[in-house]
Amino acid sequence: MKLFRKIITWARIKSPWILHFNSGACNACDIEIVAALTPLYDVERFGIQLKGTPRHADVLVCSGPVTRQIQDRLKRIYDQMPEPKFVVAVGACACGGGVFKGCYNVRGGIDKVIPVSAYIPGCPAGPKAIIDGVVKLLSSLDEDKASSVSTIQGQEKVCDGSAQGMAECPHSGGTP
Amino acid sequence: MSYEEDIRQETVGRFDFLKDSFKIVRPRRLTLDVAYEKFSEVFDFLVHQGKFDILCTITGTDEGEYLGFIYHLAREGGVTLNLKTRAPKSNPVIQTITGVFPGAEIYEREIVDLFGAKVQGLCQGNRYPLTDDWPADEHPLRKDWKPSDSSGEEANHA
Amino acid sequence: MHDAHEHDYEFKIPLGPQHPALKEPENFSIALKGEKILGVDIRLGYNHRGIEKACEARTFLQDVYLLERICGICSHSHSSAYVQAVEEIAGLVVPKRALYIRTLIGELERIHSHFLWLGVAGHEIGFDTLLMYTWRDREIVMDLLAQLTGNRVNYGINTIGGVRRDITPEQGKDILAAMATLEERTKYYVQIATEETSIIKRLSGVGVISRQDAIRLGAVGPTARASGVNRDIRREDPYAAYAEMDFDVITDDHCDVYGRTVVRLKELMESFRIVRQVVAKIPDGPITVRAPRKIPAGDALSRYEAPRGEDVHYVKSSGGEKPERVKVRAPTLANIQTVKHMLRDRFLADMPIVIAAIDPCFSCTDRLVGVRHLDNHKKETLSWESLRAFSLGWHRAKGFDITVAEKKLHQLMEH
C-alpha cells in the first residue's frame with residue numbers, strides 16, 4: 001500500500017491535473033491563471049494540465065471570494081475530486097475576501113467553504129506567483145502527507161494589492 | 001439652439017408643470033423630476049417625440065418615506081436625461097417599461113430584489129441578482145438593511 | 001467526456017459533472033427541439049457581491065479601488081467612469097495631462113481586452129493557435145501596463161482629481177515601440193479573419209441581430225456596432241481627452257459574430273492610432289488637482305466606452321465623506337439581453353461562440369447550461385467544457401476544418 005501511494009504521489013507531483021474554478025471573482029485572477037498556460041509562462045513544461053472535470057483533478061485552483069450563489073457548487077466540485085486532493089486559493093479574495101470582505105452575498109474566502117492547502121495572495125496574483133505557488137505546494141508533498149490536507153481556518157491574509165509572493169500552509173502529519 | 005434647449009422647449013411646451021423641474025445641468029446632461037401620476041405620459045413623450053431611444057439603466061434609491069427611481073435615458077448626440085420619480089415605501093408600485101425597452105427587464109428585477117419595488121406587468125422570470133433562498137422581505141440596498149451574520153460578515157471598513 | 005456522434009447528437013449530448021440531487025441555478029436554460037433552440041433563459045447573479053452597498057460604507061476615495069475590481073478586464077473603465085462622476089459633482093477641473101494619461105491607460109486596456117477576446121473566441125471555435133499568439137502579443141501590453149502603473153491588472157492609476165502616476169519620455173518611447181509591434185501582428189490577424197474562408201464561414205450568419213433589434217434591445221459596444229449602430233461614447237459623449245483625438249468609430253454591416261470580430265480588429269488599429277496621438281500631444285502640467293474629502297451634495301451620470309461597450313456610473317452625494325448612492329451598469333448586462341434573440345432558432349452548437357462574441361464580463365470557466373429536449377422530455381446539464389466539446393465535434397462533422405487557418409497563421413507569425 002505504501003509503495004502504491006508513493007507512486008501516486010510521484011505522479012501527482014510530476015504531472016498534476018488542475019481544475020480551475022471561479023467562485024465569483026472579478027476575472028483578474030482567472031485571466032492570470034489562464035495566462036500561465038500560454039507560451040510566455042507555459043506550465044505544461046511542468047507537466048501541469050488544465051482539466052475540465054473535478055473527477056480527474058488533483059489540484060483545485062480557485063479564485064474569488066465565494067458568493068452565496070456559488071458556494072454549493074464549490075463544495076460539490078470539491079467533493080467530486082478524488083483523494084488526494086489539494087486546493088489553492090488564488091488572489092486576495094480567495095484568501096480572505098480581499099476588497100469584498102464584509103460585502104453581503106460574499107462568504108469571504110475559499111476556506112470558509114472548503115479546506116485550503118495553499119494561499120497565493122495578490123490582486124490579482126500574477127502568473128509567476130501562481131506557478132510558484134502550485135509548484136511549491138506539489139514539491140512539499142511526501143508520502144506521509146500525501147493523503148491529508150490541513151487548513152488554517154480564519155487566518156488573516158493582509159492584502160497590500162501588490163504582493164506577488166506566495167504563502168503556504170504547512171501540512172500537518174499524515175494519516176495512514 | 002442646442003439639442004438641450006430644443007428638448008427643453010418641446011418638453012416644457014407640452015407639459016407646463018415641468019418648467020421648474022426641467023434642468024440643463026451642463027451640455028449633454030438633463031434632469032427632470034416628475035410625480036409618478038404623470039410619469040407615463042412624460043416618459044412616452046420623451047421616448048417618442050424626444051427621441052430618447054436608449055435606456056442606460058434604472059437606479060433605485062432609498063429616500064426615507066419613498067423609494068426613488070431614476071430612469072437614465074439617452075439619445076443621439078450623447079444627450080442624457082435623468083428622469084426621476086418616486087413611490088411611497090408603504091406601497092412602492094410602479095409599471096413596467098419593458099413594452100418600450102425590453103432591456104429594462106433586468107434593471108426592473110434588480111430594483112425589485114434590492115429595494116422591494118413592485119413592478120406591475122413584469123413577466124414571470126428568474127430573480128436578479130439575489131439567490132432564490134434569499135429572504136423575501138430583505139432588501140439589501142435599503143438604508144436600514146445591514147448585513148447580518150447569515151449573509152456575511154459585518155462591514156468593517158472605513 | 002464523451003464525443004458527440006454526428007447522427008444522434010441530440011440523444012448523446014456529452015454530460016458535464018452532475019449530481020443526482022443537483023439543484024444549482026443554471027446559468028443558461030435551453031429548450032431544444034430537434035437540433036434547434038426554441039428558447040433561452042439566462043440566470044445571472046452568481047458574481048453578485050454587493051458592491052453598490054459596500055460603496056456606501058466606504059469613502060469616495062476607497063470606492064475608486066473597490067469599483068476597479070468589479071471586473072479585472074475593464075478595471076480602468078470602472079474606476080474612470082466613477083471618478084469622472086465624483087469630479088463632476090465636486091466641480092473639479094482635472095488637469096489635461098491627467099486626462100491624457102487616463103486616455104492612454106484606457107486604450108491600452110482596450111487593446112489588452114480585444115487581444116484577450118480574440119484568443120477566447122479562437123478557443124471557442126477550436127482555433128487554439130490564435131489563442132496562443134494573441135495572448136502572447138497581449139503580454140506586450142501587460143508588461144507595458146505594469147511598467148506604467150505598477151500592476152498588470154487593477155492599475156490603480158486614478159484618483160479623484162487626476163491620476164497617481166506620471167509617464168516619462170522614456171516610457172513614451174517604449175509605448176510607441178510596443179504599438180509598432182502590435183500593429184504589425186494585428187495586420188496578420190486581420191488577414192486571417194478576412195481571407196481564410198474556413199474562419200469566415202464559421203463566424204458568418206451566427207449570432208445574428210439586426211440593426212433595429214440591436215437598438216431595441218439595448219446592445220452596446222462592438223456587439224451593437226457590428227450591426228451598423230454608429231454609437232461610441234468616446235465620440236458622442238466625449239470624456240477624458242477623446243474630444244482632442246482623431247479616430248474613427250468602427251461599424252460593420254454583417255450583424256453577426258464575423259462582424260463583431262472585424263469591428264474589434266479594426267478598433268485595435270484605431271487604439272494604436274489614439275495611443276500614438278496621446279504620446280505625441282500630451283501637454284505638460286500637473287497630474288492631479290486637490291479633491292476635498294467631503295464631496296458636496298449633488299449627483300452625476302458618467303458614461304464610458306469600455307472595451308465591451310457603454311459603462312454607466314451614477315453617483316449621488318449628500319455632502320459627506322461617503323457616497324449616498326453608487327449605481328453601476330456594466331456593458332455586459334446590456335448585451336446579455338440580446339443573446340436570447342441571437343440564439344432563437346439556431347443550433348445548440350452555435351452557443352459557445354455566440355456567447356463569447358458579446359465578450360461577456362463574467363467568468364468563462366463556470367457556466368452551467370441546462371438543456372431540455374422537447375422531443376423526448378429528457379433534461380441534461382452541461383458544463384461549458386462539455387458544450388464546447390460538443391460544438392467542436394458538431395462543426396467538425398459538418399466539415400469545419402481549422403488546419404488551413406492554423407498553418408497560415410503560423411506562416412505569417414514565424415516568417
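## Contact between chains C and A

In this predicted model, chain C places 36 residues in contact with 37 residues of chain A. On the side of chain C that touches chain A, the elements giving two or more residues are helix 1 (51–56), helix 2 (60–67) and helix 5 (128–149) of chain C. Helix 5 of chain C gives the most, with four residues.

Sorted by class, the side of chain C that touches chain A holds 15 nonpolar, twelve polar and nine charged residues.

## Domains of chain C

The domain assignment divides chain C into domain 1 (1–46 + 347–388) and domain 2 (51–204 + 266–327). The C-alpha centres of domain 1 and domain 2 of chain C are 33 Å apart.

Where these domains meet, eight residues of domain 1 of chain C are in contact with nine residues of domain 2 of chain C. Helix 13 (residues 351–357) of chain C supplies the largest share of the domain 1 side, namely four residues. That side of domain 1 of chain C comprises six nonpolar, no polar and two charged residues.

## V141(C) in helix 5

Helix 5 of chain C, which gives the most to the side touching chain A, also contains V141(C). V141(C) is buried because 23 other C-beta atoms lie within 10 Å, and the cut-off for a buried residue is 20 or more.

Apart from neighbours within four places in sequence, V141(C) is in contact with L108(C), I111(C), H112(C), F115(C) and A178(C). The C-alpha atoms of V141(C) and L99(C) are separated by 20 Å, and these two residues are 42 residues apart along the chain.

Note on methods: Residues are numbered from 1 along each chain as its sequence is written. Chains are lettered from A and ligands numbered from 1 in the order in which they are written. This is a predicted model: local features need pLDDT of at least 70, side-chain atom pairs count only at pLDDT 80 or more; totals for chains, interfaces and linings use all residues. Two residues are in contact if their C-beta atoms, placed from the backbone, lie within 7 Å. Ala, Val, Leu, Ile, Met, Phe, Trp, Tyr, Cys and Pro count as nonpolar, Asp, Glu, Lys and Arg as charged, and the others, Gly among them, as polar. Domain bounds come from an automatic or database domain assignment. A residue is buried if 20 or more other C-beta atoms lie within 10 Å of its own, exposed if 12 or fewer, and partly exposed in between; C-beta atoms are placed from the backbone.
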